[in-house]
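Have the model open beside you as you read.

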Amino acid sequence: ILFGLARGVAGLAKIFDAEGIAYQTGESAPGRGNIVARLKATVPNLDPALVLLSHIDVVPVNAEFWSVPPYSGEVRDGFIWGRGAQDMKSTAIAQLMAFLKLHRDKTPLRRDVILIATADEEAGGEFGAGWIARNRPEWFARAGFLLNEGARSHAGADGKPLFFGVGPTEKTPAWLKLIATGTPGHGSVPRPDSSVNRLIAALERLRTWQPPLEVTPPVARALATQAQYEAEPWRSRYRDIAAFVAQPGARVELAKQPPLLALLTNTVSITGLEGTKKINIIPPVASALIDCRLLPGWTIERWVAEVKRVLADDTIKVEVVLNFPPTTSPVDTPLYAAIERAVKTLHPGAGVTQSVSAGFTDSHFFREKGIVSYGFGTFATSDREVGRAHGNDERIAVAAFTDGVRLMYEVVSNFAAAK
């Protein structure tokens, strides 16, 4: 389940076969399949192509904590339930339906529309979008624009959309593995300098550390565009987040809004521990996995040096599992304008805001190729639904889903159809 499995590609291939749409597949490793299909422009003087990018894979589940079978896609109480409902099978289906409708309607196109579904995003994307970027450049040939996941859109308590997010950038991962060594032995004779004890002591220093608050220009711009949709005092704080962050007590207030705090500091999450599976052995080696996300402007070298300073134990080795430089796309583009037009058409009372993701997506692989790449949230979700992605009982409101499918088509058609 962790990776984009061959059966996911087979399912899409079956749809393309039935529709008479040509496609190509590529397997980067056993079971990790990727697929591409292209609708070609029907008018001369091609504009740069639009890529609709999604990932097939989802993260694992602990089914015993779910209210429904986690892979059922059950519709109940006005929601579609299941792993991937938010991240990101909903967006993948919206992209697919837009793609199919253009094909079925024989819509004249002024630019190619390319649909790419990949493996491995949840593990970093190296066997999915990264593999495509390195090994299948023909799949996205002549592309100038891309839509992907990576921006939140917000609905009020009544379910009506307030704004739709467009994400031109995101934080970057600094996934680390900490490795501690020590003298092994029998569990009956404690050793204060054991690998496990060294690791735990260092991790406690890391756990209680608070990286400093930092306002970066992309985050400041994004929050300023969202300010009008916030109630006071946050409306004023969003409008000038740098001034708020400089105030005494700002961190206490930000801690009440973890998603916002994550955009204003580098983050550290201890996500994995390993020593021995034998209870009466003091192991020679113990390790921990640390999920860090970095603000723009931070290099991995600078971050590792800072982590080592906090660990305060030179015997602990720090390995970099995953990192890449930050990337940003401009917002003064015809694609951004097309999104604004589509939102105004379907949701006249809603706005379009900039967004910065505290996570990361596959978009960076294509920004690095010079392709304008946006996270685009077509599904407006309420506060109570935020945070369900990767969690128990992941779900999406049926109304938000159907509206989001329509919005995706409106954007793609507005941007790609011949006038």
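## A valine and some rings

Val51 is buried, with a relative accessible area of 0%. Keep in mind as you look around that this is a predicted model.

Where does Val51 sit? Its place is in strand β3, which covers residues 47-55. Because buried means under 20% relative accessible area, the 0% computed for Val51 qualifies. Which residues does Val51 touch, apart from its neighbours within four places in sequence? They are Ile114, Ile116, Phe140, Ala143, Phe145, Leu146 and Leu147.

Now for the rings. The structure holds 15 aromatic pairs. One of them joins Phe324 and Phe360 edge-to-face, with 5.5 Å from centre to centre and 75 degrees between the planes. This pair links distant parts of the chain, as its members are 36 residues apart. Phe324 belongs to the loop between β15 (317-323) and α11 (334-346), while Phe360 belongs to the loop between β16 (351-357) and α12 (363-367). Both Phe324 and Phe360 are buried.

Elsewhere, ring pairs tie Phe16, Tyr23 and Phe99 into a cluster.

| Arginine | Ring | Distance to ring centre |
|---|---|---|
| Arg111 | Phe415 | 3.7 Å |
| Arg395 | Phe79 | 3.7 Å |

For Arg111, the charged end sits over the ring of Phe415, and Arg395 lies over the face of Phe79.

How values were computed
Residues are numbered from 1 along each chain as its sequence is written. This is a predicted model: local features need pLDDT of at least 70, side-chain atom pairs count only at pLDDT 80 or more; totals for chains, interfaces and linings use all residues. Side-chain values use heavy atoms; hydrogens and water are left out. Rings of Phe, Tyr and Trp (its six-membered ring) pair if their centres lie within 6.5 Å; planes under 30 degrees apart count as stacked, over 60 as edge-to-face and the rest as tilted. Helices (H or I, at least four residues) and strands (E, at least two) are DSSP runs, numbered from the N terminus. Buried means under 20% relative accessible area, exposed over 50%, partly exposed in between (1.4 Å probe, protein chains only). A charge sits over a ring if NZ of Lys or CZ of Arg is within 6 Å of the ring centre and within 35 degrees of the ring normal. Contact means heavy atoms within 4.5 Å.
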